[in-house]
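This report covers a few local features of one protein chain. Please have the sequence and the model open while reading.

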Amino acid sequence: MHETLDERRAEAAAQGGEEKRAYVRTVFEQIAPRYDLLNHLLSFNIDRRWRRRALELLGWTRAPAGRYLDLCAGTLDVGAQLAGSPGFAGFILAADFALPMLQAGRGKAPGAVLAPVAADAQRLPIGDATLDGAIVAFGIRNVASLDAALAEVHRVLVPGARFVILEFTTPRAWIVRHVYHLYFHHVLPLIGGIISGHRTAYRYLPQSVANFPAEPELAARMTAAGFSGVTWEPLSLGIAAIHSGHRAG
Ligand SMILES: C[S@@+](CC[C@H](N)C(=O)[O-])C[C@H]1O[C@@H](n2cnc3c(N)ncnc32)[C@H](O)[C@@H]1O
């Protein structure tokens, strides 16, 4: 009975809205202690390479002492990777609304360089035009209102600053799509459920990817939010993609 209710909530949440906001927050609060282990295990560590490429596209070397946002920062992997990049001399705000996720990432980088902030992506406690770049990895898909989050990031960036989105996508090639479907819809929910102890969290993941806009639509939504020069590059046979654009001057 309980599981049926939980499954129904997961399905409703994958569609969006307030229900999604509450569900996502609860899920990440609950899986936080096992998140890193599962992340690297279930992605065969490819996620590290993807994050590295996303940071390259952020172009932080143009302003190495700048201020950056790691949005939906989770356990701080992206922020810590940027903080530890040779030559980086700036400051990173790592925003997430699930405190246990931020707490699980404690110690990955010095607090003087990487500051966790409990904040909702749809209402960032950051002034207008104050940051030199923003990045979000596997997070924007989880935000209840994509357009509200895009508008918030646009608002906090200085003109010319880049915004990079690393996110799962649905592969187009038939064979890849089938293998991906088998893994994402069957293997991953099973292993994820056992290790995290959360029965539906890893069922929500493939549903949320299926409901997320495809690459051209995400690019169009970024452009509509005010970003210029929006492009994307596929990763690993199209199972993920990195979008990037900049706030027009
Ligand atoms: C899949 S994790 C990604 C974490 C990290 N960026 C990474 O690369 O591993 C998604 C994160 O987005 C956060 N999140 C989802 N919706 C959010 C929102 N509206 N505001 C802030 N954080 C949000 C969740 O709490 C979770 O920590």
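## Basis

The model is predicted.

## Aromatic pairs

Eight aromatic pairs turn up when the whole structure is searched. One of them joins W60 and F88: the ring centres lie 5.5 Å apart and the planes meet at 80°, so this pair is edge-to-face. The edge-to-face class applies because the angle is over 60 degrees. W60 sits in the loop between α3 (46-58) and β1, while F88 sits in the loop between α4 and β2 (91-96), so the contact ties together parts 28 residues apart in sequence. W60 has a relative accessibility of 10% and counts as buried. F88 is buried as well, with a relative accessible area of 11%.

F138 and F168 make another aromatic pair, with 4.9 Å from centre to centre and 35° between the planes, and this pair is tilted. The angle falls between the limits of 30 and 60 degrees, which is why the pair is classed as neither stacked nor edge-to-face. F138 belongs to the loop between β4 (131-137) and α6 (146-156), and F168 belongs to strand β5 (residues 157-168), so the pair ties together parts that are 30 residues apart in sequence. F138 counts as buried at 10% relative accessibility, and F168 counts as buried at 15%.

## Cluster and charge

F138 and F168 also belong to one aromatic cluster, together with W50.

Another ring, that of F97, has a charged group over it: the charged end of R25 is 5.6 Å from the ring centre.

## Positive phi angles

Which residue in the loop between β1 (67-71) and α4 (77-83) is considered here? The residue is L76. L76 is not a glycine, yet its phi is positive, at about 70°. L76 has a relative accessible area of 4%, so it is buried, the cut-off being under 20%.

S236 is also a residue other than glycine with a positive phi, in this case near 45°. Its place is the loop between β6 (227-235) and β7 (240-247). Is S236 buried or partly exposed? S236 is partly exposed, because its relative accessible area of 27% lies between the limits of 20% and 50%.

Notes
Residues are numbered from 1 along each chain as its sequence is written. This is a predicted model: local features need pLDDT of at least 70, side-chain atom pairs count only at pLDDT 80 or more; totals for chains, interfaces and linings use all residues. Side-chain values use heavy atoms; hydrogens and water are left out. Helices (H or I, at least four residues) and strands (E, at least two) are DSSP runs, numbered from the N terminus. Buried means under 20% relative accessible area, exposed over 50%, partly exposed in between (1.4 Å probe, protein chains only). Rings of Phe, Tyr and Trp (its six-membered ring) pair if their centres lie within 6.5 Å; planes under 30 degrees apart count as stacked, over 60 as edge-to-face and the rest as tilted. A charge sits over a ring if NZ of Lys or CZ of Arg is within 6 Å of the ring centre and within 35 degrees of the ring normal.
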